[in-house]
Amino acid sequence: MRVAPGAGVPTLKVRRRQRGLGLLEVLLFIAIVGGLALVGYLEWRERSALQSSRQERASLSQADTAVITFATVMQRLPCPDTDRDGLEDCAAGAQKGWLPSVSLKLAGADAGVGVAQLRYLVQRGATAYDLALRGDNWRPLEYDGDATTFAAMRETTASGGSYQADIITLPDLCQRVGQGAVATFGTGMAHVTSAPLRPVAYALVHPGLEDTDGDGSLFDGVNASAGHTVEDPDRSPLLSSYDDVVRERSFASLQSAFHCQPLAQSIDTVALGLDVVDQVDEMREDSIDAAERAVIFAALGAAITAVELTASVVEAASDTGNAVAEATLCGATLGLAVNACAAFPQHIASAVLAGASTVANTATIALNVTAAIMAGNALVLADNSRPPESVSCPVPDVSAALAASLTEWNKAKAEVTRVQGEIAQKQIELASANTAKTNAINTLYYWVRYGGSSSNLDGTVNLLVNRSNTWNQEAVDYAAAQASRVNYQNEYNSWSDIVVRYNNMLANRTTLIPQVQAEIAALDIQIAAETNPTTKEALQLQRSNKQGELALLNDVTTLTSERDNAIVKRNQAWANLQAAITAEASALAVLNGARGNYQSAYSALFNGSLGPYNFYYPPTTYIACTPQPLPVPACPAGSYESSPYVQSAMRDLYGSGGNTGSTQPHADSRYMRPLTIQRQLDGLNTQLSAAQQMEVDTKKRYDDLKAQADNPPACNLTGTGVTPWSPTTAADLLINVDVKGGTR
């Protein structure tokens, strides 16, 4: 069949146009699908990175929980795994390695990661704060040897004490953590590469997904190497050369995680109860009668009197060193301890703390009437084998306390008698010295007059005696002026140092506050460990001063006020010092004038006695004269040589040996001796006043105690018997709580 020319052309054109449109649509579809795929990939990658970061941090969190669990079970932190077998390697003492995941699992703590997947750094810098070392580092506290402070660590049987040794629990680890917290940082300590370097208790490192720094290890930076440091946790994991994640535990964070302070305090509270139980049991066993006597002080009409009695007896024991007052002191507090023993250890602690502060300082006695009545009832009923109606109220036997008070009084009277005897002796010496002085002056007059009734040198003798008296008074005034100047100089220096110190505190508060806090924390550790009472007291005083300094640093208003007040005091001391310097110079000038006048009068009489001068035997006048080398005129015929006797009398009065006494009266001269003894007598009279006041005070203390013993208050007993805990039961409780690691 033939086809007409051109008949099929339109059909071919239509088909070609249809195939061209189909290809364009396909290309457009591919472009759209590719764009959507790219967007999906980017979104998937972002979500994948975020999910990976979350997984890394979750892994670190689970591992951190496992380390805490391990420490709670083993009372130490795990050692690093250094040979990648999953087991901790403690012998080498390494601080850095891999997390010992197998050892953690064996202790019941699943880290959630495999062997050698996480880096692990632990503090093992020194024995005192080696957190991977398990040891008996902490023990409950007890009263010190004098029973004045609750701050001495109990001695174990291994060190000669009675407390069970080798009780190792979480507080022992807490003790090491506390040591590390106050330790001075050294580069040998485990730390992170912060600025400045920061010590850590331990740290965990996740390597991320890639070896971003290209060193052949997934761990980047110092995390990949051995040693005792890891990267700062704040270092960004998004840098192209670092994608590790670090989780650190500071000492403070670890203390908080273990609840160190509450745990230790909970055991110490029970330990305090044990000390109270021991005291209660000793009182109960030694003398149940003493407990019965104490009940009298709990009667409503005499509760306050009982407290006053305790205070007075404690004061007496303080003065005389007599420990017999301890029983009476316990009478005012022991009943509360009995009640607390029958209740719970925390209540015991509150009661015995009041008793301990009473022993340490009578000013802290604050038992109220109700507490005193409870104490008395509990004491009377301490022996529960007897019902209240069978217990009588005898007159309290305070004979020991009375004897102590009487001894004090007798000592005070003896001191008064002794000082009075010394005063009487000094008065005899003074009378003798005054007689010797008067005789020496009369002897001087005698030889000036050559045994006569008068001479024309009598006025010179009078002038010398008067000027001697003036010199003595000015010497006393000058010594007082010197002392005043020295005192004001010391006061000015002291206030100047205080002003400088306060200015430094104001200028450097932000630096000094953490420094002082660290010093206080270090002192607390020293005080807790110190067993020597004298050293402990010095440390406690140092801590008190540091605490006051910290309080000022934290209170700018008060610190500024104190600084301003110190400036006022310093300026006043400066003004007083200038006035004292002027007064001293003035007193010295007056003293020099008086000394010059004395020397002039001394020389006039000493040389004037060479003559010639007249002396009188009424009605006859005679001439006294001593021959002198020419060109001094010769003595008149028939004159008497008196000068050797006059000069000898002057030396006897003002000082012996050559011309000693011509400058000023000698300290041991007959003239000065009465003045010296009088000053000694003034000092003895001051001592006598103090001794007489002591006699009055001790007599009153004795009379008060005697009156209370002779007039006991009414006996008002209520309640039922209470059986106190035995020391064995209380000790078992303490050891059980310690073994448990405290109470939560």
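## Helix packing and nonpolar cores

Tyr 598, Tyr 602, Leu 605 and Phe 606 of helix H16 are in contact (heavy atoms within 4.5 Å) with Gln 647, Met 650, Arg 651 and Tyr 654 of helix H17. Six residues of this contact are nonpolar, one is polar and one is charged. Here Ala, Val, Leu, Ile, Met, Phe, Trp, Tyr, Cys and Pro count as nonpolar, Asp, Glu, Lys and Arg as charged, and the others, Gly among them, as polar.

This is a predicted model: local features need pLDDT of at least 70, side-chain atom pairs need 80 or more, and totals for chains, interfaces and linings use all residues. Numbering starts from 1 along each chain as its sequence is written, and side-chain values use heavy atoms, without hydrogens or water.

H16 (residues 556-608) and H17 (residues 643-654) pack at about 150 degrees, with axes 10 Å apart. They are therefore roughly antiparallel (over 145 degrees) to each other.

| Core | Residues | Among its members |
|---|---|---|
| Largest | 33 residues | Leu 77, Leu 99, Tyr 120 |
| Another, apart from it | 30 residues | Ala 440, Ala 481, Ala 594, Met 672 |

His 259 sits in the loop between H4 and H5.

Conventions:
Axes fitted to C-alpha atoms, helices over the stretch in contact; angles between N-to-C directions. Helix = DSSP H or I, 4+ residues; strand = E, 2+ residues; numbered from the N terminus. Parallel < 35°, antiparallel > 145°, perpendicular 65-115°, else oblique. Core = buried A, V, L, I, M, F, W, Y, C linked by side-chain atoms within 4.5 Å. Buried < 20%, exposed > 50% of the residue type's maximum accessible area, 1.4 Å probe, protein only.
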